[in-house]
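Subject: Structure for you to look over

Dear colleague,

I am passing on the structure we spoke about, and I would be glad if you could read it alongside the notes in this email.

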Amino acid sequence: MRRLVINTSTASIAGRSVFRIGYGAAQLSRLHDRHDEAVALLRRAVELGVNHVDTAEFYGFSFANTVIRQALRPEDDVLVVTKIGADPNPVGPVPLRIAQRPEQLRASVEDNLRSLGLDQLPVVNLRRLDTGPGLRPEGDQVVDLDDQLATMTALRDEGKIGAIGLSSVTLDGLRRALPAGIACVQNAYSLVSRDDEDTLRLCMAEGIAWVPFFPLGGGFPSLPKVGDEPAVHAVAESLEVTPSQVALAWLLHHAPNILLIPGTVDPAHMEVNMAVGEITFDAHTLAFLDAVESRSNNVAIGAAS
């Protein structure tokens with residue numbers, strides 16, 4: 001029997017202590033025709049100690065939310081974090097469309113409540129699309145952050161959301177948003193793309209969770225990838241782990257407020273991801289990885305995660 005890899009290290013998000021390695025549900029759509037397998041995968045995640053799941057209505061056109069609703073039980077005590085700012089677009093060349101206007105944000109919250117079967121969304125990330133790789137808003141989708149935050153705080157006051165997060169937000173945007181009370185930030189960030197280091201540091205100072213997407217770099221063909229770094233391969237070989245594990249472990253070592261949400265549809269790969277929490281670096285190895293060159297991923301190039 002394979003050893004059960006259990007989360008041990010924790011960090012805080014929205015006043016809730018969660019294990020630092022969670023699960024990102026974006027890839028669940030790959031199991032669209034294998035629904036029972038998708039449910040079993042999430043049950044396995046809970047067995048491995050996952051109590052933080054990241055999702056969105058536009059992941060598989062609500063498929064991910066439907067699986068989460070069916071797989072998770074109240075006694076699992078899993079924090080479900082969702083995001084708005086885009087909606088499913090099944091007939092478009094990109095499977096989502098930007099939805100930044102206040103009325104669209106409110107409608108997206110209602111959609112997530114419905115598909116997740118919840119009375120309140122514990123944490124909702126507003127995907128701003130101001131920075132990092134992905135789509136950029138145009139026309140009437142260019143909406144002032146203050147107008148969006150007014151909608152988010154109203155939804156929180158109404159009890160429909162518990163806490164507000166931000167995604168793809170600039171340092172200045174985060175500073176403007178702090179008075180609204182921000183629980184977490186989701187930006188593209190990895191060992192090879194550290195554009196947002198100052199934003200991460202502000203989050204750490206303010207007690208805000210940092211939940212990076214594209215933690216291995218890449219995401220699009222032209223973006224830098226952790227797996228292309230000789231230093232990462234050298235460390236992986238010396239520790240007898242994979243380059244991806246090194247990249248994820250570096251994030252855990254880099255700042256105490258970082259939470260990981262690696263996604264996969266393979267239970268064995270999930271165990272490999274969970275084992276990252278057991279990897280330790282000595283000071284020399286950590287300095288060796290810290291010296292890897294950071295390259296920008298702040299380009300408009302298509303739909304981000």
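This is a predicted model: local features need pLDDT of at least 70, side-chain atom pairs count only at pLDDT 80 or more; totals for chains, interfaces and linings use all residues.

Residues are numbered from 1 along each chain as its sequence is written, and side-chain values use heavy atoms, with hydrogens and water left out.

Helices (H or I, at least four residues) and strands (E, at least two) are DSSP runs numbered from the N terminus, and two strands are taken to pair if DSSP finds at least two bridges between them. On that basis, 7 strands make up an open sheet with parallel pairing, in the order β3-β4-β5-β8-β9-β10-β11. The edges are taken by β3 (23-24) and β11 (209-210), each of which has a single partner strand, so one side of each is left without a neighbour in the sheet. Between β3 and β4 (residues 52-54), which run parallel, there are 2 bridges, and Gly24 has Asp54 as its bridge partner in β4.

Strands β1 (residues 10-13) and β2 (residues 16-19) are paired in the antiparallel sense over 4 bridges, with Thr10 standing opposite Phe19. They form a hairpin with 2 residues between them, and Ala14 in the turn has a positive phi of about 55°. Gly15, in the loop between β1 and β2, counts as exposed because its relative accessibility is 75% (exposed is over 50%, buried under 20%, partly exposed in between, with a 1.4 Å probe and protein chains only).

Helices α3 (residues 102-116) and α4 (residues 145-157) pack at an angle of about 35° with their axes 9 Å apart (axes are lines fitted to C-alpha atoms over the stretch in contact, and angles run from 0 to 180 degrees between N-to-C directions). Contact means heavy atoms within 4.5 Å, and the α3 residues Pro102, Leu105, Arg106 and Val109 meet Asp147, Gln148, Thr151, Ala154 and Leu155 in α4.

Lastly, Asn187 lies in the loop between β10 (182-186) and α6 (197-206) and, at 0% relative accessibility, counts as buried. Its side chain reaches the backbone nitrogen of Ser168 at 2.8 Å. Not counting residues up to four places away in sequence, Asn187 touches several others, including Thr131, Asp196, Trp210 and Phe213.

How values were computed:
A polar contact is a pair of N or O atoms within 3.5 Å; within protein, one must be able to donate a hydrogen and the other to accept it, and residues adjacent in sequence count only if both atoms are side-chain atoms.
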